[in-house]
Amino acid sequence: MKPTPTTTTTAWTSTSAFESLITVIFLFLFLCVGRGRGRGAELFCVPDFAGDNAGSGDPAVGDHLRPPEHRALDLRRRQDDLPRHPAAAPAAGRRPRPRPHPQPHSAPPHPGLVRPPLLRALPHPKTPLDKHSVSRLLQESSASRHHLLSCLRKLKALVSEGERNRRCVESTPGAVEFLASVVASAASGDDAECDVAIDVLASLKLSERRIVEAVAEKNPEFVDALVGVLRRPYYPSRAHAVAILRSLAGALSPARLAALGEDLFREVVRVLRDRVSQQATKAALQALVELAPWGRNRVKAVSAGAVEVVVEILLEGPERRTCELALAAAERLCGCAEGRAALAGHPAGVAAVAKKALRVSHAATDRAVRALCAVARHAPAAAVLAEMASVGAVAKLCLVLQSPDCGDRTKERVREVLRLHSRVWRSSPCLSPQFLALYPPPSSSSSSSSSFS
């Protein structure tokens with residue numbers, strides 16, 4: 001029996017319809033992919049790797065996967081699509097000027113070809129200072145008194161710039177002598193010129209030999225000019241003057257040092273009393289130490305009140321170096337009878353000196369022991385010996401004998417003084433039994449007057 005035509009026609013129709021549908025779908029996909037940049041790619045989310053149409057709304061390609069020039073192009077396109085202000089719109093009948101767009105596939109410019117931003121012009125380097133420039137500046141200041149102050153200020157600015165300029169000014173012939181002459185001539189005249197000149201002179205940090213050659217020998221009145229500077233109320237100039245005086249004290253001849261007037265010591269003591277600065281205090285103490293051994297300078301310093309000021313400095317608890325210098329000054333001043341009497345007569349003189357022994361340094365201990373032994377040996381009054389026992393000076397001397405840090409010479413000096421006054425100090429109620437055990441046994445040659453007990 002033959003198949004019915006109805007069944008055959010129905011099967012063929014279904015197959016043809018299915019094949020036609022498949023063909024249409026493939027054709028549509030082929031057209032969309034072939035166009036690549038049409039609306040079919042947007043509908044099917046086909047990634048546009050070329051970057052022409054890929055924007056911030058492209059779901060297939062993120063902004064971080066696109067090159068920078070493509071993202072900049074999108075920004076330009078978005079700015080062009082924004083509505084303009086009516087005043088900025090082109091007039092009717094005029095065509096807007098086309099704006100050039102960068103090519104999407106153009107390579108970025110080479111970094112070396114990019115024009116750098118405008119930079120601030122670099123300052124022209126300064127010409128290094130030489131001796132000729134310093135000499136010309138000194139000649140200008142010497143030629144006209146009116147320009148002296150301005151030239152001195154220029155010289156001060158040059159010296160403060162660095163070590164090289166300082167050495168250049170120092171080595172220039174006549175520069176140091178010129179500054180010393182300005183200080184000597186302006187000490188009783190213009191204060192500003194003298195202040196600037198002594199500031200420059202102190203900034204040069206001259207050696208002792210150079211100071212003697214350029215200052216003391218060629219300007220004999222320079223030391224007297226320093227006394228005038230020390231009398232001024234301007235603290236920086238006083239500090240510079242006492243620093244120069246310290247250098248002069250270690251370089252002048254003994255005859256020049258012995259001939260110094262009492263006014264100089266009075267002004268140095270006033271610098272210590274006014275506490276001008278820490279450096280000025282050290283310089284003044286060192287100047288006293290250097291000046292005291294010559295002639296009657298000890299008596300001059302004691303008359304100016306140096307012992308009282310030194311004791312006040314010790315009572316303030318200064319730093320190590322200042323304490324060492326103060327004890328050295330006290331030991332030097334105790335080399336005369338006036339100095340020992342002033343230290344023993346001060347209510348806290350013996351106690352202040354004894355307190356610093358074995359507390360600061362070996363040098364401070366040695367200086368304190370020397371001062372105490374000088375007072376005990378050469379001023380053995382009953383009140384002085386009793387005060388030394390009551391304030392703890394005798395106990396401190398006993399501890400010095402047991403200290404391993406003290407030298408043999410210092411211990412021998414202490415042992416001699418303790419044996420000298422053993423009858424007085426052993427019977428004193430102020431000396432505890434533990435210190436009596438450290439007390440050295442009396443020698444057969446040592447004896448003490450019974451009037452002291």
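Reply: A salt bridge is counted when a side-chain nitrogen of Lys or Arg lies within 4 Å of a carboxyl oxygen of Asp or Glu. The model is predicted, so local features need pLDDT of at least 70 and side-chain atom pairs count only at pLDDT 80 or more, whereas totals for chains, interfaces and linings use all residues. Residues are numbered from 1 along each chain as its sequence is written, and side-chain values use heavy atoms, with hydrogens and water left out.

The general principle is that side chains of opposite charge can pair when their charged atoms come close. By the rule above, the count is 20 salt bridges.

One of them joins arginine 238 and aspartate 274, with a distance of 3.0 Å from N to O. Because arginine 238 belongs to helix α11 and aspartate 274 to helix α13, this pair ties together parts 36 residues apart in sequence. Helices here are DSSP runs (H or I, at least four residues), numbered from the N terminus. Arginine 238 is buried, at 2% relative accessibility, while aspartate 274 is partly exposed, at 27%. In these terms, buried means under 20% relative accessible area, exposed means over 50%, and partly exposed lies in between (1.4 Å probe, protein chains only).

A second salt bridge is formed by arginine 231 and glutamate 267, whose closest N and O atoms are 3.7 Å apart. This pair too links distant parts of the chain: arginine 231 is in the loop between α10 (222-230) and α11 (235-249), and glutamate 267 is in helix α13 (residues 262-274), 36 residues apart. Here the arginine is partly exposed, with a relative accessible area of 44%, and glutamate 267 is buried, at 8%.

Glutamate 324 pairs with arginine 321, and their closest N and O atoms are 3.5 Å apart. Both residues lie in helix α17 (residues 320-333), separated by three residues, or about one turn of the helix. An α-helix has 3.6 residues a turn, so residues three or four places apart point the same way. Glutamate 324 is buried, with a relative accessible area of 10%, and arginine 321 is partly exposed, at 38%.

Technical notes
Helices (H or I, at least four residues) and strands (E, at least two) are DSSP runs, numbered from the N terminus.
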